[in-house]
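Open the model in your viewer and keep the sequence panel beside it. The stops below are given in the order to select them.

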Amino acid sequence: MKQQKLLRGQFFSPFIITLMTVIIVVLGIGNTNLLHIAPAAAQIFTPSDVWQKVYQQIPDFPQENQYVSKTTGTIVATNTLASRLIRYHIYNKGRSPIYRLDWKLTLADYLDANETIYVDSYPGNNILKQNPLVGDRMAISKLTRRQRNNLVQVLVNIFSPPVQKM
């Protein structure tokens, strides 16, 4: 009886180690990211930086940055329509920034053709004296379909990593 337990213990210990080694090797071959960290494929932008890229690529996109800070009483020039649009899209709605359809849904929200935008949670409401939602909706509604499509494409291009050729 003791001899059987010893044989069983001697067999299972090397067997388990061998099995774990084989699993790690097989997974390592199939998934190259398991055993090492791959270099970044593209530069990562934060939503707070992207609005600047929007205005670089679409200089005539409305700024809507004339709103005054609640705390300082000065105009917050960096609080733009593009920055609020991006924050609303990503943080309020939780939509993906890499899909055209998601951006079109967001624009439909602004045009009051999709989901309701709640005034109390709209970006800028907590830091600006006047809630910018009404002005932002007006600015978006004045854009032509071509301008809205261009905006969507620019946003998708900024957020999407470039496709790498193998």
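A polar contact here is a pair of N or O atoms within 3.5 Å, where one must be able to donate a hydrogen and the other to accept it. Keep that cut-off in mind for the first stop. The model is predicted.

Select Asn-131, in the loop between helix H4 (100-110) and helix H5 (133-141). Show its side chain together with the backbone of Leu-133: the backbone nitrogen of Leu-133 is 2.9 Å from a polar atom of that side chain.

Is Asn-131 buried or exposed? Its relative accessibility is 15%, and buried means under 20%, so Asn-131 counts as buried. To see what surrounds Asn-131, select Val-119, Tyr-122 and Asn-125, which it touches when residues up to four places away in sequence are left out.

Now move to the largest nonpolar core, which has 28 residues. Select Val-54, Phe-61, Ile-86, Trp-103, Leu-151 and Leu-155, the members with the most contacts inside it. Then colour the elements that each give two or more residues to this core: helix H2 (47-57), helix H3 (81-92), H4, H5 and helix H6 (145-159). H6 supplies the largest share, seven residues.

Finally, colour the chain by pLDDT. The average is 84, and 72% of the residues score at least 70. Select residues 32-42, where pLDDT is below 50; this stretch has nine contacts in the model beyond near neighbours in sequence. Where pLDDT is low, predicted coordinates should not be read in detail.

How values were computed. Residues are numbered from 1 along each chain as its sequence is written. This is a predicted model: local features need pLDDT of at least 70, side-chain atom pairs count only at pLDDT 80 or more; totals for chains, interfaces and linings use all residues. Side-chain values use heavy atoms; hydrogens and water are left out. Helices (H or I, at least four residues) and strands (E, at least two) are DSSP runs, numbered from the N terminus. Buried means under 20% relative accessible area, exposed over 50%, partly exposed in between (1.4 Å probe, protein chains only). Contact means heavy atoms within 4.5 Å. pLDDT is the predictor's confidence in each residue, from 0 to 100. A nonpolar core is a set of buried Ala, Val, Leu, Ile, Met, Phe, Trp, Tyr and Cys residues joined through side-chain atoms within 4.5 Å.
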